[in-house]
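Please open the structure in your viewer and keep the selection tool at hand.

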Amino acid sequence: MSPELKQTLQLAAHAGITLHPALETLVGPLGSLQTFTREALPAGSVLWQQPAAQRLSPPEHINYPGQVDPAIALLHQLARQAPSPSSAVSRLLLSACETDEQIRAYHGTYLDAAQLKQLGAMHAVLPNVLAMHTQRVQQIVQYLRQIDPTLDPQVIENLSVNAFRLGWFNTHFTPLTQLFRRCGLRGTRLSVEDQNFVLRTQRELAPNSEVFINLGRQDIFEQLIHAREFDPELRYYIAFGARLQFAVKSGAMQSLLAPARQVMPIAVSNTGDRMQLQDPHALLMESGPSASVIAFFNAFAADRNVQQALMNDALQQLQAMNHASKVAASALAPGMQKYLAGAQRDQAILDHFRDWVIDSGFDAPAL
Amino acid sequence: MSTEVFCQQKQWASAHGLFLHEAVERKAVNGIYGMYALRDIPANTLLASFPAAQLIRPKRDRRIPAELSDVDLPYLLATARELTLGDDSAFSGILKGFEPLEAMQQYSTQFISEAELLLLRSMSPTAYSWVKNANEKAERVVAAVCAMDPSLDPQVVLTVFLNYKSRSFKEVGIVPVLDQFNHSDRLGNENSFDGERVQVYTRQSYRAGDQLFISYGHKDLLMHAIHYNYFDPNGTHFIEPARRIFTPVASLTRPNAFNHLQKKYKLQTLQHQGQMLFFLNDNAALMTEQAPTLYLTQYLSDSLTGGQSVATAQLQSPLLQTYLQMLDALAANNRYRSVQRETLPPRLLRFYDLLQKEELIIQANRNWVLENVA
């Protein structure tokens, strides 16, 4: 065990966090931490528990303007404590953060203009996802600087990038998430029980198997922004709802749209000629489209031609974004390889989706 | 069919109007014959065609028993008469490709012994009942055709029926040379009949060396093993869960749900121990190797809602739960692990491989559910 990891676990113990004794954390071949269980664990086993009293609390007596995400207040608290952390949990969270130098070596936020151009050549969505992430970080920096001008903008930026990387915006700054790799399928469930944060296995774990944490499923490119490398062993998703807008072309589609909107969260443009499925669970998964995507197509089941048009539209739009086959890996610097691998996996997910369309009895456009 | 017989058939078919694309060749790979691309072939290319006027064309002047309405009895009658004529038949080139009964006795489930049937039941009660039903149906078909022409030998009729089950084209029956394309549900090319010629067009582009397929239509993998006498684990396969699982009408939670389903879907009902059961008799409701198809989820949704408009967010969890129960029921029927492959008679080996593949499909679909729940 590395001295840093040993120190992290000591800090965790000091913060009252109990970790299952069978767990062991190692630095994996791709540079990320990976945690394994050395013995069999039945489904529902508690892997790790954080007492309510030891959770990070937002700063007191501050009125945040607007409808602020409670997690931003927690980030604010952490930024205030960064120079000299006063609690064990702050120390623990800050110790999980990588330095600017470490992050700049691989993180998508710090790509230069030439690299962004290369990204666009691989996949049209990649630069957009990255720009949105960078914009979000800058918004947080500006927002907290307005509230607290004494804060160092560099510190806020560093903490924001780390918080996104470690999934803290989803977990209300729960420490130790860095010990586990994320996975939507083989995950563990993080929940609040009697105000304590508890991480349980969702299924039985065999001895020496890796323990993953499920912090929600992201689009493959959002996942890649924060990753050191592309890990082919993990599962990836395409955010179907977020990526696609559909043209409402035919009268048949228009007439089916109103009943479809009664059962599905579908947004329609002011002009009524565009629609978008607004469901974060609408994903193209490696095992096929998610139930939400299927429900979306089924909402138009009264007209098979409309279903076919929607599926073909989705396939063509997604395909038009992906240019991975036109990019040679040899032309890319090592730091850019993960994005190409991601774009290639994106294509593979798309191929699975096309297979599903054909298996469902529809003619699919050539990819 | 040996290469020699195929060449003879091709020669006969060419003289009778066959078109076969020059880049198509028949060869055996890993012991299985198929049609392959000699060079790259683009999508929408005509691979082969044959004039319908040169095929066996029956007179359709007889009443068919309702229970056999899905079988083309007049075609079987006409073909059995031609087969009886042997080399004197004007369609000898078509008949040349028929698999003889002696060869089929080695592996077809039509000739399964009682002991083999019991062994199959221990591996899969579903496979057992499907094989039994298929065999009983073949007996009824042979009896019906022989009743139309008592001079026919039942063995000849059975030969025709088994060949018809495994290689006939919809509407036109058995087409020489064109029936040598193997089946793929996904890669299969489009086969159509324009009233004059039976045609096979590529639905996608192929590279040199690729196998060229046609689609015989989506089918449960069990049906393939029964009708086509082989099972290729590397192919793409499907399960028709709603055909395999009988649902009690009383178990539907919504009032009038059964009426709604009956109006919208091809349901078949039966009485069992005082209660009415039903199943979906439609091969579009498939479980693929990854996830359910659109139509299957639509059917499951309608079973739950009875056609009422229900927000998808509320429907998702019961839908996944129902699908999981379906997977559990399929898994409980798959017991191939209770036997050793080495101890099985040759006829049952493909069922062992099939059930192994079925287990993988069930697991993959279970993962799809888990991934959705996550």
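**Two helices in chain B**

Helix 2 of chain B and helix 7 of chain B are oblique to each other, because oblique covers the angles left over when under 35 degrees counts as roughly parallel, over 145 as roughly antiparallel and 65 to 115 as roughly perpendicular. The model is predicted: local features need pLDDT of at least 70, side-chain atom pairs count only at pLDDT 80 or more, and totals for chains, interfaces and linings use all residues. Residues are numbered from 1 along each chain as its sequence is written, while chains are lettered from A and ligands numbered from 1 in the order in which they are written.

Select residues 73-85 of chain B for helix 2 and residues 154-167 of chain B for helix 7. Helices (H or I, at least four residues) and strands (E, at least two) are DSSP runs, numbered from the N terminus. The axes of these two helices come within 9 Å and cross at roughly 120°; axes are lines fitted to C-alpha atoms, for helices over the stretch in contact, and angles run from 0 to 180 degrees between N-to-C directions. Helix 2 of chain B passes helix 7 of chain B in a right-handed crossing, in which the near helix is turned clockwise from the far one by less than a right angle.

Next, show the side chains at this contact. Helix 2 of chain B contributes Leu76(B), Thr79(B), Ala80(B), Leu83(B) and Thr84(B), and among the residues from helix 7 of chain B are Val156(B), Phe161(B) and Tyr164(B). Two residues are in contact if their C-beta atoms, placed from the backbone, lie within 7 Å. This contact has eight nonpolar, three polar and no charged residues (Ala, Val, Leu, Ile, Met, Phe, Trp, Tyr, Cys and Pro count as nonpolar, Asp, Glu, Lys and Arg as charged, and the others, Gly among them, as polar).

**The helix pair in chain A**

Now select residues 70-81 of chain A, helix 2, and residues 153-165 of chain A, helix 7. Their axes come within 10 Å and cross at roughly 130°, and the crossing is right-handed. Leu75(A), Leu78(A) and Ala79(A) of helix 2 of chain A meet residues of helix 7 of chain A including Val155(A), Ile156(A) and Leu159(A). The contact of helix 2 of chain A with helix 7 of chain A comprises seven nonpolar residues, one polar and no charged.

**Where the chains meet**

Display both chains. Their contact takes 28 residues from chain A and 29 residues from chain B. On the side of chain A that touches chain B, helix 12 of chain A gives the largest share, six residues. That side of chain A divides into 14 nonpolar, 12 polar and two charged residues.

**Two loop residues**

Select Asn208(A), in the loop between strand 7 (196-201) and strand 8 (210-213) of chain A. Its phi is near 70°, a positive value in a residue other than glycine. Is Asn208(A) buried or exposed? Asn208(A) is exposed, with 11 other C-beta atoms within 10 Å. A residue is buried if 20 or more other C-beta atoms lie within 10 Å of its own, exposed if 12 or fewer, and partly exposed in between, with C-beta atoms placed from the backbone.

Move to Gln273(B), in the loop between strand 10 (267-272) and strand 11 (275-280) of chain B. Gln273(B) has a positive phi of about 50° although it is not a glycine, and it counts as exposed with 6 C-beta neighbours inside 10 Å.

**Chain B as a whole**

Finally, zoom out to chain B, which has 13 helices and 11 strands. Buried residues make up 38% of its 374 residues.
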